[in-house]
Amino acid sequence: MADKQQQVVVKRARHKSSVKDPGTPGVLKLTKDRFTFMPNDPSSPVKHNVEFRTIKGHKFTKDGTKQALLNLTQDQGGNYIFEFENFPDRNVCKDFVASAIALSGEAGRTVPEKSAVPIQDEQLSAAEMERRIKLLQEDSDLQKLHKQFVIGGILSEAEFWATRKKLLEQNYSRRPKQRVALKNDMWSTKPLADGQSNRVTFNLTPEIILQIFAEKPAVRQAYLNFVPNKMTEKEFWTKYSRAEYLHSTKNVIAAAAEAAEDEELAVFLKQDDMLVNEARKKIRQVDPTLDMEADEGDDYMHLPDHGLPRNDNKDVLDSQYEPYRRSFSQHLNQHAAVVLQGRVIDVELGDTRSVAEALARTKHAELAKDASDVYLDKERLERISRMTEIEDLQAPRDPAVAPLSIKDPRDYFDSQQANAFSTLGDTVSGAKQLKCSVSTREAYCSLKECISEIKFQGLTEPTINSEVAFKVLNGLAQNISSNKYHLGRNPNESVLDSLPKITREELLLHWSSIQELLKHFWSSYPITTKYLLTKATKLKDAMSQIYPKLQEIKESVQSDLRHQVSLLVQPMLQALDAAFAHYDADVQNRSARSGERPNGF
Amino acid sequence: MKFQIEDVTVYFPYDNIYPEQYAYMVELKRALDAKGHCLLEMPTGTGKTIALLSLITSYALSKPSNPIKFIYCTRTVHEMEKTLSELKLLHNYQLQHLGPAAKILALGLSSRKNLCINPTVVSAENRDSVDAACRKLTASWVRELAAENPRIPTCSFFENYEKSASEAILPPGVYTLQDLRAYGKLKGWCPYFLARHMVQLANVVVYSYQYLLDPKVAGIISKEMQRESVVVFDEAHNIDNVCIEALSVSVRMQTLEGATRNINRMSQEIDRFKATDAGRLRAEYNRLVEGLALRGDLPASDAWLANPALPNDILKEAVPGNIRRAEHFLSVLRRLVQYIRGRLQTENVEKEGPVAFVASVNTQAGIDQKMLRFCYDRLHSLMLTLEISDTDEFLHIQTICDFATLVGTYTRGFSIIIEPFDERMPHIPDPVLQLCCHDASLAIKPVFERFQSVVITSGTLSPIDLYPRLLNFNPVVSRSFTMSLTRDCICPMVLTRGSDQLPVSTKYDLRSDPGVEKNYGKLLLEMVSVVPDGIVCFFVSYSYMDGIVNSWHETGLLKEIMQHKLVFIETQDVVETTLALDNYRKACDCGRGAVFFSVARGKVAEGIDFDRHYGRLVIMFGVPFQYTLSRILLARLEYLRDTFQIKEGDFLTFDALRQAAQCVGRVIRSKADYGMMIFADKRYSRHDKRSKLPGWILSHLRDAHLNLSTDMAAHIAREFLRKMAQPYDKTGVMGKKTLLSEADLEKMGNSNLGEMF
């Protein structure tokens, strides 16, 4: 997406005032912040030059439908309909528009002149970029912060994201977005005959094509082999449809005859060898308590012609037709297996070839992996032994608990951290002066003292006084829950509800920006380089700007709420105070040591 | 837990035990004490297998001076695996509580196909080619040649196994097939031959029925089992069918063609040997004169399938003079093939007894009964002499010889049926000659005679008095146990009408009625929207299933069903079915579950469990009657009527209902489990049919559930599922204990146990 931003997309299209309108032919030019439409006929009045930030959304027709339409809806209710010559063109534009709208939305309508992603001082892959943009789009808070600090120039892009590495990874590897499964719907091969002519039409959409490729590896392989060298895509699907039609007539002999004449058609008509091979590989992985193939391997009773013939005779068919027989049940099983496996590839559906290739790749990888998996073996054995146990004859083996699922661990730890700051700020920092330069001897002595003390008193059992522990835990728990209020994640019970909307939002915004700033501030200590020094200074400045704003809020609210607001604001102020104190102390230290004062101080 | 049953301390690997398990063990113990056979019926879902295993192993442990061997027969390999993993659990428990004294050796035995670890051999297509590929590497003559010429390939695993000779033993433990293969790989020994060898020494052997019942296999595998063995046939409700199948052969045109090819090939080989190594043929002749059909003891790797007739029936005589010479024997075979070919030309169905058939062979082909009887052994000897390793190519001639030997050995209990075409497809000529056995007691007789205790057990053995008659034995204990239930965890229903109130049935005249098909589809559609997790549907036959699924597809019903659940289906291809089952389980483990379409009497119905969330509902579409126009079935019915005075209709109903009960019984595994069963056919509401269902189903079949329509059934299903979702007390309510702890058992003692049941 990042490189697309640099692009300009130019496509032929017709502008239409409504869907039925024949439209004005012209050229549609898309740049990252606006689109322009120039009619071929320069005298035509239909000219457009619209910024994307005024575009609210876009709609488009499905691939394979009658018209390749793209409909851009404007904020104020107007819309622009373009018809393209073909779907690929439309799709390019569609993608571009989608990203452009997202970007303009992200940049915020209030700062239209700012491009969404500022100039970077690092090389980023397109994927990385996309990821960040997506995150920003999904999380408006984050977006606000990003706007405030990165675009405001307090933090660099890299610094901003450095603290969110986890978030980036998490979103993409550990917590994949829920993907839409394949439709559990067999492509009905029932052809649509129109009754009058002898024509039979089949309807193929990219979704169906994906399904066909997934269910019939031979077709996929054939596609990769034949298209576009030997035949065009259209010919390919025509042929495929013909084969399907032949199957649907259930006339095996006719199918065989046709296949004999046309070797490409034969590929579709014959049984799928790849599936057979795959099945033979997979059967080795099967749970032995299910393995009926092994059973057949042990059955000497049914040597050919021994035992009583089964009542269900297969219908007799010449062996030459055997490869062309295909049962519906086989198809059914294969279909269900594919659906069960889910959407294994993550490719845009429009491009048939890349879909086929991606599927072939994943299949290949999967089979290669299967071959050498000892782990799977072990897992299977464990599973069997678990399955054999009769569960109600014994006490449940594991305590019946569900694993704790913290929806977003970040919330928890962030609040903890903020907590630590606030408590540190008012209790510990002032109370004890830490002695930093300790000689070895001193350290030893104090340790010795401790040890002898313990020797004398004996270890308290438990090591921590339970009352104290209880107190600490209680305090922590309370703090966490009160933090929840601050974060406003739990609006139902929050005091924030009672505040006027503007105040609330302002508070939340300040809170999150303070958090962000503090995070960066503290992470820049100890200051070892000039860079960190300037960063800390910058951050401190930014924080000191917020400080008076908080005071303002406190004063601006109505008197009855003032107490609550001040309660909310207090920890923020404390945290800031602690940061300032630390900064000043550090500056003094620094100047004392080097005799040189940093800029501005 | 451990507890006493009379003088035996039973080690049971769970903290609690069901009362019926305890009672089952008591009965079993009595049978073992009496050294007699027994017949025990206990509903599925009551932990039969573990009760059996723990009693018999404990029994063996309590009598260390006179250790009994335990032979456990399962119908299928996957059941074997299940049993072995239960045994593993038990063995671990016993080791914990008894220490090394509890050590036993238990192993499963299967064919080369499932045990071979030589990659070149095991990659072969089917069982027969694996066997042949193995022989090509391990036959004694091949190895002799290889000793001289290192370029001839042998199997390194087999060579290593042979080299380590007596050291090649399995340490005590429980070995599944997988474990055997792993151990073989570790040591570099052939697991198949290792297992074959260890079977003689093992305390517990788990293998398939046919290793005892089919004389062809039993002859080489189970020859040397000691008399002090306890043989268990689990899931034995079909045992009569297995027995008669073991002794049945059919011959088609293809068989005859193949046999002719085989004869030609052998005659070429004979010519070649005559030119190069005439001494060998002469040696064989001399051996036959001395009355030895086979060389004294064959190396294990040469052993082929044994004589198809039962060991007691094989005459200990010399091979008759006129087939001792190889070329004479071949000409006899040629005449026999020619004769059968002639018989297959018939245009009418013919049926005769073995005696008449043998007489006619004698007059028309000049082959007497004795020659027929020795056909198989003579062929075996000849093939060894000719050093034929690709045995998979010679299955056709083997079939002919099997047939000849059987028809020459038995005079009653068999009939020969020649059909020029299949009844259902009269326009396609497909002549077949069938030798079918009707007497189930023949095949199992040697088992009853050889072993001191034979236990026949299953979830459905009702009517329990029928089995001793069919199998012709006298059990010392014959009991049927009921299930003590904590709650009504099964919910059988009989559905007689569709939502449009029209009757549903798979009766011949209604079967292909589109209305019935639609009603069945609607029933399933209702159910998939109500029932969570897995649903299993059983149909009466493959062709019926194919037809109805196709018609559901065409009418769009299938599509609607698929909006609720994934659909899997059993096919005639086992690989595909296995994968479908595997996927079905995966689908039930996650998401909205799945539907599995299967066939009563099919492979899935025979041994796959659909317990817990893998099956919350079973729908039995129709009554799984056998194809009643089949000549074989008619002949068997006639035999049953004449010998046991069993009425045809009764037997057919009994057979159909035991299949249906077996199908629906697969949903329950323990009392914590629950499931519904729908019998969707109006004929189930009739008393004569219904009453043949096993007691544990009947006792839950309420009168209100006997005549339901689709919407009523859906309503009941909803109610039932809601009820099952409530918490309950596992140990039982209202003074009736359904779960016993160690303390309970002690308190109870053995005296008042009787009152509980």
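Relative accessible area, computed with a 1.4 Å probe on protein chains only, sorts residues into buried (under 20%), exposed (over 50%) and partly exposed (in between). The legends below describe a predicted model, in which local features need pLDDT of at least 70 and side-chain atom pairs count only at pLDDT 80 or more, whereas totals for chains, interfaces and linings use all residues. Residues are numbered from 1 along each chain as its sequence is written, chains are lettered from A and ligands numbered from 1 in the order in which they are written, and side-chain values use heavy atoms, with hydrogens and water left out.

**View 1. Salt bridges within chain B.** A salt bridge is taken as a side-chain nitrogen of Lys or Arg within 4 Å of a carboxyl oxygen of Asp or Glu, and the structure holds 44 of them over all chains. In one of these, the closest N and O atoms of E6(B) and R30(B) are 3.9 Å apart. Because E6(B) lies in the loop between β1 (2-5) and β2 (8-11) of chain B and R30(B) in helix α1 (residues 19-33) of chain B, this pair ties together parts that are 24 residues apart in sequence; helices (H or I, at least four residues) and strands (E, at least two) are DSSP runs, numbered from the N terminus. R75(B) and E79(B) also meet in a salt bridge, at 3.0 Å from N to O, with R75(B) buried at 11% relative accessible area and E79(B) buried at 7%. A further salt bridge joins E162(B) and R143(B), with the closest N and O atoms 3.7 Å apart. E162(B) is in helix α8 (residues 156-164) and R143(B) in helix α7 (residues 140-148) of chain B, 19 residues apart; E162(B) is partly exposed at 38%, as is R143(B) at 23%.

**View 2. The interface of chain B and chain A.** With contact defined as heavy atoms within 4.5 Å, 106 residues from chain B and 63 residues from chain A take part. The buried area, which is the accessible area (1.4 Å probe) that two parts lose on being put together, summed over both, is about 7,700 Å², and carbon and sulfur atoms give 57% of this. R127(B), E245(B) and M562(B) supply 9% of the area that chain B buries against chain A, more than any other three residues. Across this interface the rule finds 1 salt bridge, and the side chains of E293(A) and K113(B) meet in a salt bridge at 3.5 Å, N to O.

**View 3. An open sheet in chain B.** Seven strands, in the order β18-β19-β17-β20-β21-β16-β22, form an open sheet with parallel pairing, where two strands pair if DSSP finds at least two bridges between them. β18 (566-569) and β22 (708-709) of chain B stand at the edges, each with a single partner strand, so one side of each is left without a neighbour in the sheet. β18(B) pairs with β19 (residues 594-599) of chain B over 4 bridges, and I569(B) stands opposite F597(B) in β19(B).
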